[in-house]
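Here's a quick tour for anyone opening this structure for the first time. Have the sequence and the 3D view handy as you read.

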Amino acid sequence: MTTCFNNVSIFIIRKQCCFLLYSVFTNTILLCQNCHTHIFCIQNVHDSFKNRSSKGKMTWIEYNGEEIADSELCIDYIKDKFQVDVNSDYTPEQLASGFMVQKMVEDHLYWTLILYRYVYEGALRLSAYRSFSFLFRYMAKWKVLKDSKAHGIGRHSQNEVNALMTRDLENLSNYLGTKKFLLGEQPSQVDCSVFGMLSQFYWHGFGDPTEETIKKFPNLCQYCERTKTEFWPDWDKCITHGESGQTVK
């Protein structure tokens with residue numbers, strides 16, 4: 001899809017947002033801000049995997065000919081350029097705490113997800129949902145294994161990665177506790193990022209250990225449902241249900 005923020009074109013693959021977690025992140029923060037300020041206009045134009053930025057990113061924005069690639073840089077750009085802030089309800093100390101949670105999710109939990117999805121499962125479960133060629137699955141497995149070994153986590157056994165994933169989700173569950181959102185009663189940027197990640201575990205594990213593990217933590221499952229209801233009332237209209245139909249929006 002293309003999301004328009006005044007003169008900003010934000011190229012997000014909403015048709016396939018279900019398993020592009022950083023597209024879910026960027027979409028959610030825009031929808032979150034829209035709920036409070038009503039300054040966003042969202043239109044739906046389905047872009048393909050080929051419509052990437054100059055950095056090869058699939059979640060990117062273009063404003064007056066200037067490209068900003070990477071979801072976090074996109075959000076920072078919009079916040080600075082248009083003076084919008086989804087973090088205004090919280091103190092610097094609270095935001096610092098939330099930032100550390102966000103980094104744990106994006107830079108550690110993320111790797112456990114894609115190792116299961118593309119290496120341990122070989123993208124076979126994903127292919128049952130959306131058809132991918134053998135070449136795509138082979139190249140995805142090779143790249144994820146190579147990158148995860150450079151990160152370090154890919155050097156562990158599958159059982160060790162599973163233990164690390166469980167520990168991350170357990171700590172996230174403890175941090176959330178009984179709060180509505182991660183920092184309190186109002187959403188913040190960290191919620192948009194964490195929801196983008198947890199949506200992959202909760203809805204798109206297709207019965208693999210990532211889905212089994214998150215369902216051990218009821219408050220994380222309730223958080224996913226609550227955030228989806230709050231900011232994605234048209235969720236079912238924005239997905240293709242495994243390419244079984246066309247998006248409505």
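Let's start with E225, which sits in helix α9; helices here are DSSP runs (H or I, at least four residues), numbered from the N terminus. Keep in mind that this is a predicted model, where local features need pLDDT of at least 70, side-chain atom pairs count only at pLDDT 80 or more, and totals for chains, interfaces and linings use all residues. Residues are numbered from 1 along each chain as its sequence is written, and side-chain values use heavy atoms, leaving out hydrogens and water.

- Not counting residues up to four places away in sequence, E225 touches Y202 and W203, where contact means heavy atoms within 4.5 Å.
- Y202 is 23 residues from E225 along the chain, and their C-alpha atoms are separated by 9.4 Å.
- Buried residues of α9 include L220, Y223, C224 and F231.

**Helix α6**
- With 19 residues, α6 reaches 27 Å from its first C-alpha to its last, close to the 27 Å expected at 1.5 Å a residue.
- Among the buried residues of α6 are V161, L164, D168 and L169.
- The cover over the buried residues of α6 includes α3, α7, α8 (209-214) and α9.
- Just after α6, G177 takes a positive phi of about 55°.

**The cores**
- The largest nonpolar core has 29 residues, and L169, V194 and L198 touch the most other members; a core is a set of buried Ala, Val, Leu, Ile, Met, Phe, Trp, Tyr and Cys residues joined through side-chain atoms within 4.5 Å.
- α3 (92-120), α6 (158-176), α7 (189-203) and α9 (218-231) each supply at least two residues of this core.
- The largest share of this core, seven residues, comes from α7.
- Leaving aside neighbours within four places in sequence, L169 is in contact with L109, L198, F201, T213, I214, F217 and L220.
- A second, separate core of 13 residues includes V119, A123, V144 and L164.

**Around Y138**
- Y138 belongs to helix α5 (residues 134-151).
- Y138 is partly exposed, with a relative accessible area of 49%.

Conventions:
Buried < 20%, exposed > 50% of the residue type's maximum accessible area, 1.4 Å probe, protein only. Expected span 1.5 Å × (residues − 1).
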